[in-house]
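Trainee: I am new to this structure. Please show me how to read it, feature by feature.

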Amino acid sequence: PPIQSTRSRIGRMRDGIRWSSHDRSRYPMNLKHFRLPILTIAAMAQSSVQAAEISTRIADPTPWSSGGGMLEQMVPSELKIKGGMNLALQVGTIYDSNFFLDEANGESETSFYASPLIEYISDPEGGAKSSFKASYVPSFRAYNENSEYNDVDHVGEVVWTLRGSRTDLTLFGRYNELSGTDRLSGEFVNGSLFNGGLRLERRIASRTIGFLGASTAISDYSQSDLQGSEVDSIFLGGLWEATSRTAFGSSVRYSRLSGDGVPDTDAWALLLEARHRVGSRINLSASVGPEYSQDGDEDRLGVTGFLRGAYNFAERWAWINSIRHALVPNSSSSSQLVDDLVVSTTLQRSLERGTIGGGIEYRYSEFVNVGPDADLRSDEQNSAFVLTWSRPFFSDRVTLDTSARYAFNSGRSDWEQFLFALALKSSF
């Protein structure tokens with residue numbers, strides 16, 4: 001999908017509606033109530049709630065957080081960027097009732113992790129013509145019953161933005177190591193995912209914005225029976241601001257899917273783009289349209305895209321929804337693609353001190369055979385229910401996060417799983 005816009009995250013949009021659909025952090029919430037809890041809950045989700053989703057993560061856009069990498073190698077010295085460092089530490093424990101996602105004899109596991117954060121922001125206040133963000137998060141994890149899986153996962157990200165009077169350019173890269181029992185392969189895997197790309201935006205007229213860019217996503221696994229894959233995309237489109245709140249447009253996207261066990265697949269999509277924003281109360285973005293894909297002699301026509309929206313219907317309430325569809329290679333089977341659909345809804349309420357929330361997620365994975373060696377397997381359906389609670393302590397310097405998740409799966413293996421996570425995060 002297209003790379004996220006270079007505009008600031010909460011409303012510094014000097015040229016009207018010039019925000020991208022792919023910036024997850026831009027869901028309009030009252031930051032006084034939601035900012036710190038959401039960041040800590042998101043960190044917990046990567047370690048626990050999303051542990052069963054590894055092979056399909058290549059379909060998700062890069063989270064637009066703060067970045068990682070070597071500052072001296074990425075920024076010319078003549079820019080003389082000045083900024084600040086952020087340091088944080090998160091420690092936690094996770095109970096998993098079905099660690100290997102087994103249908104018959106689920107094995108429980110208790111794990112512990114520690115994740116320090118080092119973050120550099122060159123432009124904390126926003127508005128600079130050049131800004132740079134970088135972060136690095138190692139996650140040390142240890143398992144009580146399966147100590148052979150003890151290891152360290154590394155996450156690094158870098159974002160560099162150049163802003164002109166009519167043109168914005170953003171370059172980004174993210175490296176993420178992943179570990180856990182994968183829902184589709186049914187085994188514990190260690191892998192890595194790299195995302196990178198660029199996005200160029202230019203205001204063509206007073207109400208018209210054009211954009212173009214390219215992105216790449218590359219996955220790799222340490223297990224010999226799993227195949228890595230690569231998804232490369234280029235896109236071109238535009239938006240017309242019908243009002244100060246609403247923008248419409250279209251985009252054309254070409255993607256190429258390749259992997260160790262699948263033939264190269266070309267896909268062309270014609271997407272209708274729509275954005276709607278009402279202050280900090282409503283933020284809706286959608287991109288949907290037909291997609292034609294071809295691999296060898298096989299042709300397919302389907303619908304692809306996403307819908308994301310948030311509604312602050314009261315001072316302390318936020319309702320967040322998303323729908324995402326993507327076609328990705330199957331890491332656990334050769335000559336097979338995964339037609340993956342994800343639907344989620346979340347309701348959050350801020351308390352006098354802290355935040356409470358709950359959500360539902362549904363995933364439908366259809367397996368598309370693209371060669372004679374493909375395994376014949378039934379589609380996978382997965383549903384999950386999540387509850388979260390977060391509360392700051394000690395003048396908001398320490399935050400306690402808890403989350404509970406119940407999930408059940410039907411398909412090649414029918415299983416149930418309960419996850420409970422407890423974490424403490426402190427900023428320095």
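Mentor: Start with one residue. Y136 is found in strand β3 (residues 130–143). Helices (H or I, at least four residues) and strands (E, at least two) are DSSP runs, numbered from the N terminus. This is a predicted model: local features need pLDDT of at least 70, side-chain atom pairs count only at pLDDT 80 or more, and totals for chains, interfaces and linings use all residues. Residues are numbered from 1 along each chain as its sequence is written, and side-chain values use heavy atoms, with hydrogens and water left out.

Trainee: Is Y136 buried or exposed, or in between?

Mentor: Buried means under 20% relative accessible area, exposed over 50%, partly exposed in between (1.4 Å probe, protein chains only). Y136 has a relative accessible area of 32%, so it is partly exposed.

Trainee: How many helices and strands does the protein chain have?

Mentor: The chain has 2 helices and 18 strands. Of its 428 residues, 51% are buried.

Trainee: Which residues have the most contacts inside the largest nonpolar core?

Mentor: A nonpolar core is a set of buried Ala, Val, Leu, Ile, Met, Phe, Trp, Tyr and Cys residues joined through side-chain atoms within 4.5 Å. The largest one has 21 residues, and I54, I58, V328, L337 and V338 have the most contacts inside it. Elements giving two or more residues include β13 (317–329) and β14 (336–351). β13 gives the most, with 3 residues.

Trainee: What does V338 contact?

Mentor: Contact means heavy atoms within 4.5 Å. Beyond neighbours within four places in sequence, V338 is in contact with residues including L184, V328 and F367.

Trainee: Where does I323 lie?

Mentor: I323 lies in strand β13. Its relative accessible area is 36%, so I323 is partly exposed. Leaving out residues up to four places away in sequence, I323 touches G305, F306, L307, L341, V342 and V343.
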